[in-house]
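I'll go through it piece by piece, and you can follow along on your own copy.

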Amino acid sequence: MSGIDNLPPLREVIAKHDLAAKKSLGQNFLLDLNLTAKIARLGGELSGADILEIGPGPGGLTRGLLAEGARRVLAIEKDPRCMAALAQIGAAYPGRLQVINGDALEINPLDHLQAPIKVAANLPYNVGTELLVRWLTPPTWPPFWDSLTLMFQREVAQRIVAQPGSKAYGRLAILSQWRSDPQIVMELPPEAFSPPPKVNSAVIHLTALPAPRFPADPAVLNKVVAAAFNQRRKMLRSALKSVSPDIEDHLIAAGIKPTERAEQIGLEAFCGLARSLSTG
Ligand code: SAM
């Protein structure tokens, strides 16, 4: 017994099912179930929600989510070796865990979930960043999720919450902060994982806002921000030349000095620039 449920400790599960961590799948497992239950609680009230978990592995966070009262968990895991361990968890929580063996980048989970939906994941960072960008840029807002509770390399988490004037500030900060409220809610040292990764990690919690903080057309905002930060050392009047021939007029209309650089411009001003460009 493990402390949070009647299932065996994770080290035993990993040994029994031969789940030696694979580098190619970015596998760094959390083995402390008190810690995974704590991470689950960072997702807020779970009892009335369906949880989408990406990359459950041997199921440490899955068990945390279920023990903390999640209504249902849909877990998508690429590694077929994890299926037997996850089935054992499903048997201990009848009707509350559904597992799909597949690539989260290819699967649409929405057929299997009912609102309200929260997302929880401890993923390899490249997959995590790609999914985060997708979750932040749906065709309509509000999105399918109420909140995202995600483990990232600490450096990526810092980029999500970064403010103007810092090196970490860029497209990910603007995408995240425009329509959600992101906060770093826990930091973890490498030793929290098995095997330990080379870098520190952090859990980031993002709550979806009902509407964007400042109005802007998402496609125009995205285009401006991508162009501005692609050449972040250049003054905006030259970094954004390709966006509009009258870019200096639009910058001035949005209250931005054409000689400033992307790193100095806040979210509100970027949204103002997108609005000026949209109205011609
Ligand atoms: N959640 C577990 C934990 O906290 O111990 C495992 C975390 S491990 C960092 C990442 C997990 O994501 C692995 O189990 C890996 O097999 C899985 N994974 C990697 N790429 C994936 C993908 N594209 N789709 C679904 N799962 C993936």
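**A first stop in a loop**

Let's start with Asp18, which sits in the loop between helix H1 (10-16) and S1.

Before we go on, some ground rules. This is a predicted model, where local features need pLDDT of at least 70, side-chain atom pairs count only at pLDDT 80 or more, and totals for chains, interfaces and linings use all residues. Residues are numbered from 1 along each chain as its sequence is written, and side-chain values use heavy atoms, with hydrogens and water left out.

Back to Asp18: buried or exposed? Asp18 counts as exposed because its relative accessibility is 59%. The cut-offs are under 20% relative accessible area for buried, over 50% for exposed, and partly exposed in between, using a 1.4 Å probe and protein chains only. There's a backbone detail here too: phi of Asp18 is near 55°, a positive value in a residue other than glycine.

**Around the ligand**

Now find the ligand. How many residues surround the ligand? It's 21, and the closest are Leu30, Gly55, Glu77, Asp103 and Asn122. A residue is near a molecule if one of its heavy atoms lies within 4 Å of it, and that goes for a strand too. Two strands each give at least two residues to this shell: S1 (29-30) and S3 (72-77).

Let's look at some atoms. One nitrogen atom of the ligand is 2.8 Å from a polar backbone atom of Gly55. Pro56 has a backbone N or O atom 3.5 Å from a nitrogen atom of the ligand. And with Asn122, a polar side-chain atom is 2.7 Å from an oxygen atom of the ligand. How much of the ligand gets covered, then? Taken alone, the ligand exposes 590 Å², and the protein buries 98% of that. These areas come from the Shrake-Rupley method with a 1.4 Å probe; for residues, only the protein chains shown count as cover.

**A buried aspartate**

Next up is Asp50, in strand S2 (residues 50-54). With a relative accessibility of 2%, Asp50 counts as buried. What does the side chain of Asp50 make a polar contact with? Its partner is the side chain of Arg71, at 2.9 Å. A polar atom of the Asp50 side chain also lies 2.8 Å from the backbone nitrogen of Gln114. A polar contact here is a pair of N or O atoms within 3.5 Å; within protein, one must be able to donate a hydrogen and the other to accept it, and residues adjacent in sequence count only if both atoms are side-chain atoms.

**Two cis peptide bonds**

Okay, prolines. Ala115 and Pro116 are joined by a cis peptide bond, with omega about -5°. You'll find Pro116 in the loop between strand S4 (97-101) and strand S5 (117-122). Another cis peptide bond links Trp141 and Pro142, and there omega is about 5°. Pro142 is in the loop between helix H5 (125-136) and strand S6 (147-153).

Thr140 is in the loop between H5 and S6 as well. Thr140 is exposed, because its relative accessible area is 56%. From Thr140 to Glu106, 34 residues apart along the chain, the C-alpha atoms are separated by 20 Å.

**Some helix residues**

Let's finish with helices. Asn34 lies in helix H2 (residues 33-41), and at 53% relative accessibility Asn34 counts as exposed.

Ala92 belongs to helix H4 (residues 83-92). Ala92 is partly exposed, since its relative accessible area is 42%. Ala92 and Val156 are 64 residues apart in sequence, and 35 Å apart in space from C-alpha to C-alpha.

Last one: Leu221, in helix H8 (residues 218-230). Is Leu221 buried or exposed? At 4% relative accessibility, Leu221 counts as buried. Leu221 and Ile174 are 47 residues apart along the chain, and their C-alpha atoms are separated by 9.4 Å.

Terms used. Helix = DSSP H or I, 4+ residues; strand = E, 2+ residues; numbered from the N terminus.
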